[in-house]
Amino acid sequence: MYLFDIDGTLLLTGGAGSRAINAIFERRFAVSGAMDSVAAGGKTDDMILQECARAKLERSLTDLELADILQEYVPMLAEEMRLGSGFRMMPHVH
């Protein structure tokens, strides 16, 4: 089962997604601050990653690159949420 919350009505991650994406772009492409100019609200992960690539690499990711990054991103996001202090469920969410 997957839970999608693109507008912060169910949970907040305290920046875990941005930290994970920044780390991936640093490791794969040797660029820092991939999320610096990207507003993630209301966008899918694919859209966010492509926007980061266009801003920092001046190109779009290939389908293979995108798939590889998403494979790396999901467990890294989980780890960032586990370690970070900003993760929280919104009021009345069980």
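pLDDT is the predictor's confidence in each residue, from 0 to 100. Keep that in mind, as this is a predicted model.

So, confidence to start. The protein averages a pLDDT of 87. At least 70 is reached by 86% of the residues. Helix α2, residues 45–56, has the highest confidence, at 96. Strand β1, residues 11–12, has the lowest, with a mean of 68.

Now the core. The largest nonpolar core holds 19 residues. Those with the most contacts inside it include Ile21, Phe25, Leu49 and Leu61. Three elements, α1, α2 and α3, each give two or more residues to this core. The largest share is from α1, with five residues. As a general point, nonpolar side chains tend to be buried together in soluble globular proteins.

Let's look at Phe25. Is Phe25 buried or exposed? Its relative accessible area is 0%, under the 20% cut-off, so Phe25 counts as buried. What does Phe25 touch, leaving out residues up to four places away in sequence? The list is Ala30, Val31, Ala34, Leu49, Cys52, Ala53 and Leu57.

Phe25 also has an aromatic partner, Phe29. Searching the whole structure gives one aromatic pair. Phe25 and Phe29 form that pair, and the geometry is tilted. The centres are 5.2 Å apart, with 50° between the planes. Both residues sit in helix α1, residues 16–29. They are four residues apart, about one turn of the helix.

Last stop, Thr62. Thr62 lies in the loop between α2 and α3. Its relative accessibility is 42%, so Thr62 counts as partly exposed. From Thr62 to Gln50 is twelve residues in sequence. In space, C-alpha to C-alpha, these two are 9.2 Å apart.

Notes
Residues are numbered from 1 along each chain as its sequence is written. This is a predicted model: local features need pLDDT of at least 70, side-chain atom pairs count only at pLDDT 80 or more; totals for chains, interfaces and linings use all residues. Side-chain values use heavy atoms; hydrogens and water are left out. Rings of Phe, Tyr and Trp (its six-membered ring) pair if their centres lie within 6.5 Å; planes under 30 degrees apart count as stacked, over 60 as edge-to-face and the rest as tilted. Buried means under 20% relative accessible area, exposed over 50%, partly exposed in between (1.4 Å probe, protein chains only). A nonpolar core is a set of buried Ala, Val, Leu, Ile, Met, Phe, Trp, Tyr and Cys residues joined through side-chain atoms within 4.5 Å. Contact means heavy atoms within 4.5 Å.
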